[in-house]
Amino acid sequence: MVFNTKKIVTDQLDKTNVPEHVAIIMDGNGRWAKRRHLPRIAGHKKGMDTVKTITMAASEMGVKVLTLYAFSTENWKRPTDEVNYLMSLPTTFFSSFVPDLIENNVSVKVIGYVDQLPAATQKAVNDAVEQTKDCTGMILNFALNYGSRAEITTAVKEIAQEAAEGTLDVNQINEQTIDQHLMTKFLGNLAAPDVLIRSSGEERISNFLLWQIAYSELIFTDTYWPDFTAELFASLIIEYQGRHRRFGGLDPDKKE
Ligand code: IPE
Ligand code: IPE
Ligand code: MG
């Protein structure tokens, strides 16, 4: 597959200020389908193509980590047919896309309770991780059966266990201790997204990366995920570049 998104990297995009970690809540697949009188799964199918487009656009732009919320710990509440379809998507997605990922030096990673997924889904995901493990470019990080409250609860349990066993001194627990027990630990100093984008017009976090987004810039767009384009992505990154991040301090650009 050939992706030519070079045209989107326009003069407006500041190549020296590309966010290192972009996280996206890919929302609106169902509504996209409903608007077309199609079954919800048609929206998920089209949304999968959008994932490919945005992965290539982000990689080309120089993003280092792209974290995509694909299935939440709460999404099991959906009808069985829809859940089953969503669980089949990684197999379809990776069987057609891994060669492109390798060609573009993109490695696949996953956060979430993967061991609770159907065996075939686990295999598709684990195979993709394995097949792309030597790629040194962008990390394409899928949040699959991921929930931030569950993630934090697991971290608290692990930390409490270490304290109970005496391998961890309670007085030594600090923010780094928490970071080290979250699923994003492997990202090191890239664990916190610079920008969190949500499509579909909903303006909420829906249990995504609660700890990690403490200082992320939040961008909401009305576009449904299946309609999301590389051009829209670039325009949202330009919007991010117009933000002034202060982290509680003062704006370094402003001398007053
Ligand atoms: C996002 O689209 C995909 C998943 C949550 C798996 P939705 O399926 O939530 O689409 P809407 O929000 O119902 O339109
Ligand atoms: C968040 O979207 C989860 C994913 C995009 C995977 P939802 O559609 O599940 O969120 P709510 O239910 O609207 O908050
Ligand atoms: Mg939704």
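Guide: UniProt, in an unreviewed entry, places the feature "active site" at Asp27 and Asn75. A pocket here is an open set of points on a 1 Å grid over the protein atoms alone, where a 1.4 Å probe fits, with protein on both sides within 12 Å along at least five of seven lines; lining residues have an atom within 4 Å of a point.

This is a predicted model, in which local features need pLDDT of at least 70 and side-chain atom pairs count only at pLDDT 80 or more, while totals for chains, interfaces and linings use all residues. Residues are numbered from 1 along each chain as its sequence is written, chains are lettered from A and ligands numbered from 1 in the order written, and side-chain values use heavy atoms, without hydrogens or water.

The UniProt annotation "binding site", also from an unreviewed entry, covers Asp27 and Glu217. Of these, Asp27 is included in the lining of the largest pocket. UniProt positions follow the numbering used here, and such annotations may be inferred rather than shown by experiment. Asp27 sits in the loop between β1 (21-25) and α1 (29-35). Helices (H or I, at least four residues) and strands (E, at least two) are DSSP runs numbered from the N terminus.

Now the helices. The axes of α2 (residues 40-61) and α7 (residues 230-241) come within 9 Å and cross at roughly 45°, which makes α2 oblique to α7. Axes are lines fitted to C-alpha atoms, for helices over the stretch in contact, with angles from 0 to 180 degrees between N-to-C directions. Angles under 35 degrees count as roughly parallel, over 145 as roughly antiparallel, 65 to 115 as roughly perpendicular and the rest as oblique. The crossing of α2 and α7 is right-handed, meaning that the near helix is turned clockwise from the far one by less than a right angle. Thr53, Ile54, Ala57, Ala58 and Met61 of α2 touch Ala230, Phe233, Ala234 and Ile237 of α7, where contact means heavy atoms within 4.5 Å. This contact has eight nonpolar, one polar and no charged residues. Ala, Val, Leu, Ile, Met, Phe, Trp, Tyr, Cys and Pro count as nonpolar, Asp, Glu, Lys and Arg as charged, and the others, Gly among them, as polar.

α2 also passes α3, with axes that come within 10 Å and cross at roughly 30°. The two helices are therefore roughly parallel to each other, and the crossing is right-handed. Residues of α2 that meet α3 include Arg40, His44 and Met48, and those of α3 include Glu82, Tyr85 and Asp100. The contact of α2 with α3 divides into 10 nonpolar, four polar and five charged residues.
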